[in-house]
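Subject: Structure handover

Hello,

Here is the model for you to look over. Please open it alongside these notes.

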Amino acid sequence: ANNSNGNTFDTHGRQISFEHLTRSVARYEHDGTRTVLAHEYDGKSLNAPNDGVVHPDSGDVWFSDPGYGALMDYEGTLAETGSVQPYQKESIYRWEASTGKLYRVADDINKPNGVCFSPDYKKLYAADTGASHYPDAPKNIRVWDVVDGKKLANGREFASMQLEMADGVVKAGFADGIRADIHGNIWASAGWVGAGYDGVHVFAGEDGARIGQILLPEICSNVCFGGTKRNRLFMTGSQSLYAVYVNVRGAHFC
């Protein structure tokens, strides 16, 4: 699987993988062959693509490149650059389906991780896990306005991952994979704190307020809506796959 971190599908049902081992975004065709969509920017290797989403109108692939797959051999290949930015600044990119060109659309984020669109595709959200390597980085989810379906603008914090625990102590873990429901709420995998925190956090689309949690006995790394009605939430844990039916539907086809 080339240490794929995130996977999604395009409107033709082809799997799009964000591969740490190859530092590439790859598409798997219906006959099983593999097509590399992106592997470098500005003449330099990508760090290690992490997660992405496909815009149904254009077929463009928007993806994050935080670099974790090049920071250790465990989930990729350790880069010999000695930098927490293995090959270049961590960024969010857009691969243009009509031309095959790659565009950097945002670098005002420390380490972009999970990404998703709002239901109307007018906003793009990204989890920032930069505190893993930058001590002063906020643990939050950021949001940008999508301009003309091609660019991002007005980057800002959408939601903080800080949470007051049952004992009154405020703790903050990381969001990882994220998805939107039809009402614009953002469902974020969460972890790296422990009991009472790890699982899924749900944030209101209007103001980023935390409106719910699904607690799991381990770190949750990714989420997606599935099932025939897109009302079943699938959650990947450290060693397990969980699922629960919810009273809302996922906003997107994937």
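**A buried aspartate**

D60 is buried, with a relative accessible area of 4%. Buried here means under 20% relative accessible area, exposed over 50%, and partly exposed in between, with a 1.4 Å probe and protein chains only. The residue sits in the loop between β7 (51-54) and β8 (61-65). Strands are DSSP runs of E of at least two residues, helices are runs of H or I of at least four, and both are numbered from the N terminus.

The D60 side chain makes a polar contact with the side chain of R94, at 2.8 Å. A polar contact is a pair of N or O atoms within 3.5 Å; within protein, one must be able to donate a hydrogen and the other to accept it, and residues adjacent in sequence count only if both atoms are side-chain atoms. Leaving aside neighbours within four places in sequence, D60 is in contact (heavy atoms within 4.5 Å) with V53, V54, H55, R94, W95, E96, A97 and G149.

**Basis**

This is a predicted model, where local features need pLDDT of at least 70, side-chain atom pairs count only at pLDDT 80 or more, and totals for chains, interfaces and linings use all residues. Residues are numbered from 1 along each chain as its sequence is written, and side-chain values use heavy atoms, with hydrogens and water left out.

**The sheet around β18**

Four strands form an open sheet, in the order β17-β18-β19-β20, with antiparallel pairing. Two strands pair if DSSP finds at least two bridges between them. β17 and β20 (210-215) are the edge strands; each has a single partner, so one side of each is left without a neighbour in the sheet. Neighbouring strands are turned by 25° against each other on average, direction ignored. Axes for such angles are lines fitted to C-alpha atoms, for helices over the stretch in contact, and angles run from 0 to 180 degrees between N-to-C directions.

β18 is mostly covered: six of its six residues are buried. I186, A188 and A190 point one way, while W187, S189 and G191 point the other.

On one side, β18 pairs with β17 over five antiparallel bridges. A180 stands opposite I186 there. The two strands form a hairpin with five residues between them, and G184 in the turn has a positive phi of about 90°. Five bridges also join β18 to β19 (residues 199-203), again antiparallel. A188 has H201 as its bridge partner, and A190 stands opposite G199.

**Cores**

A nonpolar core is a set of buried Ala, Val, Leu, Ile, Met, Phe, Trp, Tyr and Cys residues joined through side-chain atoms within 4.5 Å. The largest has 19 residues, of which Y125, I141, F158, M161, I178, I186 and F203 touch the most other members. β12 (123-128), β13 (140-147), β14 (151-160), β17 (174-180) and β18 (186-191) each give two or more residues to this core. A second, separate core of 14 residues includes V53, V115, L124 and V146.

An open sheet of three strands runs β21-β22-β23, with antiparallel pairing. β21 (220-226) and β23 (241-245) are at its edges. Neighbouring strands are turned by 20° on average, direction ignored. Six bridges join β21 to β22 (residues 232-237), and F225 stands opposite L233.

UniProt, in an unreviewed entry, lists residues 5-237 as "domain: SMP-30/Gluconolactonase/LRE-like region". Its positions are given in the numbering used here, feature names are shortened, and annotations may be inferred rather than shown by experiment. The end C-alpha atoms of residues 5-237 lie 13 Å apart, and the span is 0% helix and 50% strand.

Best wishes
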